[in-house]
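Have your viewer ready and take this tour one selection at a time. Each stop says what to pick and what you will find there.

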Amino acid sequence: TLLVLELKVPDLAKSASATELLHKIGEEMPSLFSFMISFLYCGLLWVMHHLAMHFVRHLQIGLVWLNMVFLMSISTMPFSCGLLGHFLRNRAAQEIYFANMFVAAALLAAQWLVARKKKLINEDDPRASALMGQQLMFFPVALGAGMVASYFNPLAGSYAFIFVLLALRLWQRRWHRK
């Protein structure tokens, strides 16, 4: 919900022509692009969080606080999303964006690791539990690759993120078939 606040109605006179309006909307395409990517990413994090928490038998206060810090990292997404939308080809904007996503993914993975260490994970289906844990570990790795790649080329970060995430997912499918 907060991400959409970065999308602004063009500042034009009400009598502006359709051509002027469409031109101004076209100027907002980087912001729209960063919104869509960020929305998909936050949605993916929400799904992963939701699925992971189904494995947790009960909560302890340390896990709850770790979850609060995770949510804080998510609440900074509108800033990094807006920054990316305004400076799409800027290396620093890309790095900040990937760093924000990396922190969120790492905190989600940390919740899983803490729950596993404290034996809070339901192991009724060990295969499903192992798959969930692997998937949660994939995101920080893929985002780290994106962060490193964006240092060398601002637009390469997204490609590196997607490539590494898909490669890890393919590896996981092959590993679990055996």
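What pattern does the protein chain follow when read along the sequence? Show the whole chain as a cartoon: this predicted model reads α-α-α-α-α-α-α. The secondary structure comes to seven helices and zero strands. Along the principal axes, the C-alpha atoms fill a box of roughly 65 × 35 × 25 Å.

Next, select residues 91-117, which form helix α5. This helix has 27 residues and reaches 37 Å from its first C-alpha to its last, close to the 39 Å expected at 1.5 Å a residue.

Stay with α5 and look at both ends. At its start, display Asn90 and Ala92: a side-chain oxygen of Asn90 comes to within 2.8 Å of the backbone nitrogen of Ala92. Just after α5, click on Lys119, which takes a positive phi of about 60°.

The crossing of α3 past α5 is left-handed.

For the last stop, show side chains where the two helices meet. On α3, pick Leu63, Leu66, Asn67, Val69, Phe70, Ser73 and Ile74. On α5, pick Asn100, Val103, Ala104, Leu107, Leu108, Ala110, Gln111, Val114 and Ala115. Color the residues of this contact by type and you will find 12 nonpolar, four polar and no charged.

Definitions and conventions. Residues are numbered from 1 along each chain as its sequence is written. This is a predicted model: local features need pLDDT of at least 70, side-chain atom pairs count only at pLDDT 80 or more; totals for chains, interfaces and linings use all residues. Side-chain values use heavy atoms; hydrogens and water are left out. Axes are lines fitted to C-alpha atoms, for helices over the stretch in contact, and angles run from 0 to 180 degrees between N-to-C directions. Helices (H or I, at least four residues) and strands (E, at least two) are DSSP runs, numbered from the N terminus. A crossing is left-handed if the near helix is turned anticlockwise from the far one by less than a right angle, and right-handed if clockwise. Contact means heavy atoms within 4.5 Å. Ala, Val, Leu, Ile, Met, Phe, Trp, Tyr, Cys and Pro count as nonpolar, Asp, Glu, Lys and Arg as charged, and the others, Gly among them, as polar. The expected span of a helix is 1.5 Å times one less than its number of residues. A polar contact is a pair of N or O atoms within 3.5 Å; within protein, one must be able to donate a hydrogen and the other to accept it, and residues adjacent in sequence count only if both atoms are side-chain atoms.
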